[in-house]
Amino acid sequence: MATTADPQSTTQGANQPTPAKGWGTYASDQPLQPIEFERRALRPDDVSIKITYAGICHSDLHTVRGDWGEPARPAIPGHEIVGRVTAIGSEVTRHRVGDLVAVGCMVDSCMTCDQCLDGWEVFCREGCTQTYNSPDRHTGENTKGGYTDHIVVRDHFVLKVPDGMDEARVAPLLCAGITTYSPLRQYNVGPTTKVAVVGLGGLGHMGVKLAAAMGAHVTMITTTPSKGEDARALGAHDVIISTDAEQMQAAATRFDFILNTIPVSHEIDGYLHLLGRSGRMVIVGALTPMPGFVGASLIWWNRAVGGSAIGGIPETQEMLDFCAAEDIYPEVEFIRMNQVNEAYERLLKNDVRYRFVIDMSHGL
Ligand code: NAP
Ligand code: ZN
């Protein structure tokens, strides 16, 4: 049974499934379109959230276009979500009606395995339930994400937006923010670290801001010369154009850490050569098969290459608190929901500076 924690608000009445509106697709070659469906009745540990803003991640596009295999349909994406709590289940104590909250890439996990207990719910032994295109752990129903008017999420997976944060610009932190914050923290990036961020898009621009805020010396590596000035404004100390062989040669062995956000399969030897002794490159962008690389690119200079998947819930809250304290926000371009297809085409053309956010604060 749902209850409301705010004495000012009226009780919800019978706890029934609620009609929901969203935008999604029925096939990979179709544009997104309005879709009506139902959100579940609240379980005792559920929170219902009226969504005000949702970011557009390149993963949303990969999913609905079938780049990672055919998703369940309709596919309703969105995993950078901000909104207000409108109702809570009977056992919820962490959130109150009216709170400003956020949801990222996960909405549930077993919460009992070693990974969940360690705060790495993303690696739940039973598989975490993702915010969209994932079977609900209780009903098997396909999850539907943030391109919707409201969402129902297990309380543990609902983040608190720190007081005073600008509600309109928080959403991209929930994926682009944590996906770049987590590897920077895992590998102790700090004032003595020389960091390069590859790809100035949604993830990359957060990587530059966060690494700079951690005190690192940050270099942007981009294919787009016209982004150089932006990179410096975001906090980069230096810029390298990756298509310029001379610039890449001159930067050999310069970096301790490379954060690689390129969204497609690509050769990595050219980037590995930029790492100095015991340097590491973390790939967060390309999930698809990659071409081979030369073993000597790793063996010489003791280099390593790895990956990183979003981050756990405690680290996501830590990232939000860090961004609030350091006044770090993404650069956003607001759109309305009916502009989402145009935004996808621009994302594919590398024409976004640097995250689209769907404004639903006045309705969908
Ligand atoms: P995005 O906004 O499209 O940015 C990607 C950037 O990569 C582009 O702006 C471009 O920057 C560069 N780029 C694009 N195509 C390239 C190519 N062929 N060669 C070299 N550089 C290229 O995408 P995003 O939202 O940041 O997402 C990036 C990737 O991360 C996506 O594949 C997404 O699915 C993935 N992702 C992973 C996780 C995770 O948990 N690991 C989480 C979220 C997203 P320049 O113009 O500067 O070159
Ligand atoms: Zn994402």
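This is a predicted model: local features need pLDDT of at least 70, side-chain atom pairs count only at pLDDT 80 or more; totals for chains, interfaces and linings use all residues.
- Helices (H or I, at least four residues) and strands (E, at least two) are DSSP runs, numbered from the N terminus.
- Cys 57 and Cys 175 are both buried. Buried means under 20% relative accessible area, exposed over 50%, and partly exposed in between (1.4 Å probe, protein chains only).

**Around ligand 1**

- The shell of ligand 1 holds 28 residues, and those that come nearest are His 58, Thr 222, Thr 223, Thr 224 and Arg 355. A residue counts as near if one of its heavy atoms lies within 4 Å of the molecule or strand in question.
- By class, the shell around ligand 1 is made up of 12 nonpolar, 14 polar and two charged residues. Ala, Val, Leu, Ile, Met, Phe, Trp, Tyr, Cys and Pro count as nonpolar, Asp, Glu, Lys and Arg as charged, and the others, Gly among them, as polar.
- Helix H1 (58-64) and helix H5 (202-213) each supply at least two residues of this shell, and H1 gives the most, with three.
- Oxygen atoms of ligand 1 lie 2.5 Å from a polar side-chain atom of Thr 222, 2.8 Å from a polar backbone atom of Leu 203 and 2.8 Å from a backbone N or O atom of Ile 310. Taken alone, ligand 1 exposes 930 Å², of which the protein buries 87%. These areas come from the Shrake-Rupley method with a 1.4 Å probe; for residues, only the protein chains shown count as cover.

**Backbone details**

- Most residues other than glycine have a negative phi, and most peptide bonds are trans.
- Ile 310, in the loop between strand S16 (304-307) and H10, has a positive phi near 25°. With a relative accessible area of 15%, Ile 310 is buried.
- Met 111 has a positive phi near 65° and is placed in the loop between strand S7 (106-108) and helix H2 (114-117). Its relative accessible area is 22%, so Met 111 is partly exposed.
- Arg 73 and Pro 74 are joined by a cis peptide bond with omega about -5°; Pro 74 is in the loop between H1 and strand S5 (81-89).
- Another cis peptide bond joins Arg 353 and Tyr 354, with omega about 0°; Tyr 354 belongs to the loop between helix H11 (340-348) and strand S18 (355-359).

- H4 is mostly covered, with nine of its 11 residues buried. Those buried residues pack against H5, strand S14 (255-260), strand S15 (275-283), H10 and S18.
- After H4 comes Asn 188, with a positive phi near 55°.
- Tyr 329 is in the loop between helix H10 (313-326) and strand S17 (332-335) and counts as buried because its relative accessibility is 8%.
- Neighbours within four places in sequence aside, Tyr 329 is in contact with Gly 164, Met 165, Asp 166, Arg 169, Val 170, Met 206 and Lys 209. Contact means heavy atoms within 4.5 Å.
- The C-alpha atoms of Tyr 329 and Met 206 are separated by 8.1 Å, although these residues are 123 residues apart along the chain.
- A polar atom of the Tyr 329 side chain lies 2.8 Å from the backbone nitrogen of Asp 166.

Note on methods. Residues are numbered from 1 along each chain as its sequence is written. Chains are lettered from A and ligands numbered from 1 in the order in which they are written. Side-chain values use heavy atoms; hydrogens and water are left out. A polar contact is a pair of N or O atoms within 3.5 Å; within protein, one must be able to donate a hydrogen and the other to accept it, and residues adjacent in sequence count only if both atoms are side-chain atoms.
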